[in-house]
2 protein chains.
Amino acid sequence: MTSLHPLDPITPGEIQLAVRILESAFPGVKLRYKRIDLQEPAKNEVVPYLEAERRGEVRPRKPARLLAAMFHRLDNGSFYKALLNADTKSVVSAKEMPKGVQGPVDVDEMIEMEQVCLNHPAVKAEIEKLNLPAGMTVCLDPWIYGTDDPNETRRLVQCYMYIVAHDHPQNNHYSLPCKFSPVFDGITQQLVRMDYLPGGGDSQTTETQPWNQVSTVQYAHDLLDEPLRTDLKPYIVQQPEGASFTVVGNAVQWQKWRFRVGFNNREGLVLHNVTYDGRNTFYRLSVSEMTVPYGDPRAPYHRKQAFDVGDVGFGITANQLSLGCDCLGHIKYFDGYRCDSQGTPIQLNNVICMHEQDNGLQHKHTNYRSGAATVVRNRQLVIQMICTVANYEYIFAFILDQAANIELEVRATGILSTVAFDNQNGQTVPWGTNVGPGVMAPSHQHLFSFRIDPAVDGFRNTVYYEDSVPMPEDDQNPWLVGYTTEQNVIKTSGSASTSVERHRVFKFRNDSITNPITHKPIAYKLHAMPSQMLLAHPKSFGSRRARFATRPIWVTKYQDGELYAGGEFTNQSKDSNGVEVWAGRNDPVENEDVVLWHTFGLTHNPRIEDFPVMPMERVSVMLRPDGFFTKNPALDVPPSAQSFNQSTLHPEPACCAGSQDKHQVKL
Amino acid sequence: MTSLHPLDPITPGEIQLAVRILESAFPGVKLRYKRIDLQEPAKNEVVPYLEAERRGEVRPRKPARLLAAMFHRLDNGSFYKALLNADTKSVVSAKEMPKGVQGPVDVDEMIEMEQVCLNHPAVKAEIEKLNLPAGMTVCLDPWIYGTDDPNETRRLVQCYMYIVAHDHPQNNHYSLPCKFSPVFDGITQQLVRMDYLPGGGDSQTTETQPWNQVSTVQYAHDLLDEPLRTDLKPYIVQQPEGASFTVVGNAVQWQKWRFRVGFNNREGLVLHNVTYDGRNTFYRLSVSEMTVPYGDPRAPYHRKQAFDVGDVGFGITANQLSLGCDCLGHIKYFDGYRCDSQGTPIQLNNVICMHEQDNGLQHKHTNYRSGAATVVRNRQLVIQMICTVANYEYIFAFILDQAANIELEVRATGILSTVAFDNQNGQTVPWGTNVGPGVMAPSHQHLFSFRIDPAVDGFRNTVYYEDSVPMPEDDQNPWLVGYTTEQNVIKTSGSASTSVERHRVFKFRNDSITNPITHKPIAYKLHAMPSQMLLAHPKSFGSRRARFATRPIWVTKYQDGELYAGGEFTNQSKDSNGVEVWAGRNDPVENEDVVLWHTFGLTHNPRIEDFPVMPMERVSVMLRPDGFFTKNPALDVPPSAQSFNQSTLHPEPACCAGSQDKHQVKL
């Protein structure tokens, strides 16, 4: 019997165990590992365990630790998915996947592909034609090959090439994209085709020409022409008595919240089993998928559509954070593990950080008669990961507060995906922005799927939406100012729209518990973020592969294994086979184990200010109690006081003290 | 010649001067002052001065300091508006306002009205009927009387009465509303009528009955039944080298920004003359008006519609802040002044606070090949005021950052406006939420008007909106994934819609300056907040008084004196006579001195968790450069480093160090 909690992330020992089990199961066959990770236990098996924990009762036997593995047989190239039982050290199942199903990109594969590409004679020949000055080289980002052929079954890699003008670890090669792009077979490592890229406003391409020398737009501090600012003073956060949280393993307790920090290779950070003051709120919260389709219509750019969760994985791409660089204040880090292609466990240090932050005032009221004020600050707990997906960076944070709110914040930063563009003569395109000499950044969208598995005081909930609507012109509304709310229960699985015009909010309620004051079922609500949905045409591969991104709200009946909005295998997928399929079952979802998937995000038509590295753009979604309590749950947070906060008054210049003279001085 | 800057707020000496000028102008007449404040100089007079300052050139002669006064003549009760020249110490104009024009509420008036009401025999008789236990008293909030009679010209005050169950400076009387509401004439101080308030689901009222004793839902820390949390550890912000800003009078310099902090009685905080790196960005930014209409259709609640800027004033209601209570870190405060009814200057201490804050990461990129990362944190400058408008609190902050972004953040907190409601038997209404025994909080909206007077590299700008739209199905778009942007210039003054579906953004561009890289005019963009507009019927007084709240975007040609979206006099207004009138002039606004007014806000259907004091709800609007620079303007911000940030690692418990045992421990 393992000492691990059923929801603990995979351990290095378990990775090694999985390799041993598979080696026994495939004797004499060399396996290339793509992924070995925890398979979360079936919900009906783990909930009794979690409930016993929550209630402080004797816990039942743990569900078996299951491990999921994806690998290639090197004898015949076939791609397998296996489920292993770590307790019994046995194979539960091992299935060969149909031809054409592509697993996610892994780190070793990406590094290998870079080498294969750069060493290929055809690529070398193209580089030669650039006639680069001495010391300059070429590098590449191997890109997911978005589907445009329903019959394609090869694992294809589109290599986007860039000129490296400076031998520096942070040289910005994205400033100098090339106009050729070799396509390789990722399995045979053979060159499939040399694509030439359009450099003007249409799809026309030319043979590779000598490089028209332009300067790189750099972002690294020591490559900038201008001096750094010298007038920024230190800003230090101190918690002299330590943090307000307690951490044991992956279990966290903070300000009436308890939850488990989960980590897996695909989604990265997950919050499990979130309770507030001993009451269930959410069973599982994660960013289940995202897609980044590009709006540049010209081949081969029409294939640029990343699924950063399914194609690669936020766990795999999570940054190993460092104190004082990525995080300010008193920081707790969590590690994770992945395997390499040999099945060796690789420790991922500090991939999740957790810290408290002060977010201004939470509530205040001054009685104007007495002048007496109650002021409570908004202390928050931030659990964060930062993912680098080639050029882009995403910063994901779950932010909990003392009023029982949970926010999912996403910040987009990093470097725009760029293309070569002959913009020196003033040329522009309507689907992108010139961001430097010879370089254009195409418009694109970032659409995230936030998977919310609620447990509002129990595991059977009902999703409904509530609109604010004017009252009709009648006796009840003689002055024509009345408005009311209208409720619509989602009774069968399906999708729904957001509506700014109707101030639509979505709620999770527990029909079996009535709030004694409001006389309505207790609930949490979702402050959804109404966003422009996928712009690609419904008939396009771009849309067929990402149906989740065509609707802002999906509601499904919970089933084990249904975790990823875009389907299990997104890499070169032809159809998404994800949440739209599960929602389409027309399952009854009223007062059931229900899951809500919220698609939100950004249409990102680049600003030149987003280059060479992008000031973060922030989007956020909030979950708030709504009739879950009988009053503001943060009332018992101690008042804001100078004795506690130790703030400092800005000194007044001596010349100004008590004088109107200050008005005379000009900056 | 005054030593004051033309945009400096009014000084106490100027208030005294205004009183002296008016006393001379109205010899022998006793005046009751409602407001004495700065009248900002005409734009065409002050801009040459500001431009000379910006360029470091010899400044031209300052425009005259003008003062605006509102007062009643006590000999005949007439209401006057006067404009005074402080330099020449003379009256420019003094006009009697038409009958029925009501000035804003002032502090003395409100305090007097409370006394008048409580001392009135009819009110005492009603209180008597409540048969309150010994020690309990009644208090009131004098409310703005929303218009429902086009012929009404009296200044009316609707007094909402509450039971004070505890003699404590922070007792929450809003928990115990009464069912009678006297209406007074604010000038004669005579009782006009005793309104009785409905207590059930319809408009039926009854005579005042003995009070059915229920307990008060308290928010003050020392009135809570439950103990305070004891596990919140101190969180201290230190700037050992001081702040990064420089302040001289009301002029501020911080991280390439320069601006002037303005303060007036009506809008409170205003930002003037905002430049970045010596370039003009915005001439003036302010919250020009807001309206809070209630959705309860029952008389007299249909009259509940506050205009917190025009009816009272954010300057008047701004909290006098205190170090360590309202503000964390290194804080600079600004004071303001108002006059009392005698014309005596009243100092408003610390009504604006300014401080730096750390807002996580601003940009990051890791080169995955080298592992080398550039990390820059997001230091912000926050200029904030907190306004208490009877029961509610609003926290307004302009937040500037190092990437040339300006955010307007609004937080709503404070106490819900409540009504008595017989909810003990499970009764509910569709226009409100039961928030305690015998008390209901009606649904309402908060609609703000953000007035943006742009100066994007000059004072002639063009407003346009840009939508993201799919490309048609044609040769240019064979794979059906292309999308482009569509621009629509606003050529004549008017209004426009937001559109989530089209990802509409509004931009301010300078047609005379082309960005050398993008080949498009330089611009700033507005990240508007699409919100549900006013729900009141267009024919209702609620809507006619607040036309600004019926459209999210208004564009007008600048004219001096056109500052307030709801018109100059909102108190008991019958029509708004504001931005909709100015926009309706069909002025040419392309490449002109243009002003954009953005209506945004919240439909607030109360949660019980918003009572007895509301965890803040945050809305925000952002202004961002878009082609204003040629690259990310924050590139030169120094990197985030531990030597600078001095973060702390959370200690690992000894039991866990380097061991898998940690998994065994349960919280």
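Residues are numbered from 1 along each chain as its sequence is written, and chains are lettered from A in the order in which they are written. In this predicted model local features need pLDDT of at least 70 and side-chain atom pairs count only at pLDDT 80 or more, while totals for chains, interfaces and linings use all residues, and side-chain values use heavy atoms, with hydrogens and water left out.

**Exercise 1.** Determine which residues of helix α4(A) are buried and how they are arranged about its axis.

*Solution.* Start with burial (under 20% relative accessible area, with exposed meaning over 50%, 1.4 Å probe, protein chains only): in α4(A), which spans residues 121-130, Val123(A), Glu126(A) and Leu130(A) are buried. Viewed down the axis, the buried residues fall within an arc of 60°, so they line one face of the helix. Pro121(A) and Glu128(A), on the other side of α4(A), are exposed. Finally, the buried residues pack against α3, β5, β6, β7 and β8 of chain A.

**Exercise 2.** Describe the interface of chain B and chain A by its area and its salt bridges.

*Solution.* Begin with the area lost on being put together (1.4 Å probe, summed over both parts): the two chains bury about 17900 Å² between them, 55% of it on carbon and sulfur atoms. Next, apply the salt-bridge rule (a side-chain nitrogen of Lys or Arg within 4 Å of a carboxyl oxygen of Asp or Glu), which finds 16 across this interface. Glu226(A) forms a salt bridge with Lys631(B), with the closest N and O atoms 3.5 Å apart.

Methods. Helix = DSSP H or I, 4+ residues; strand = E, 2+ residues; numbered from the N terminus. Arc of directions from axis to C-beta. Contact = heavy atoms within 4.5 Å.
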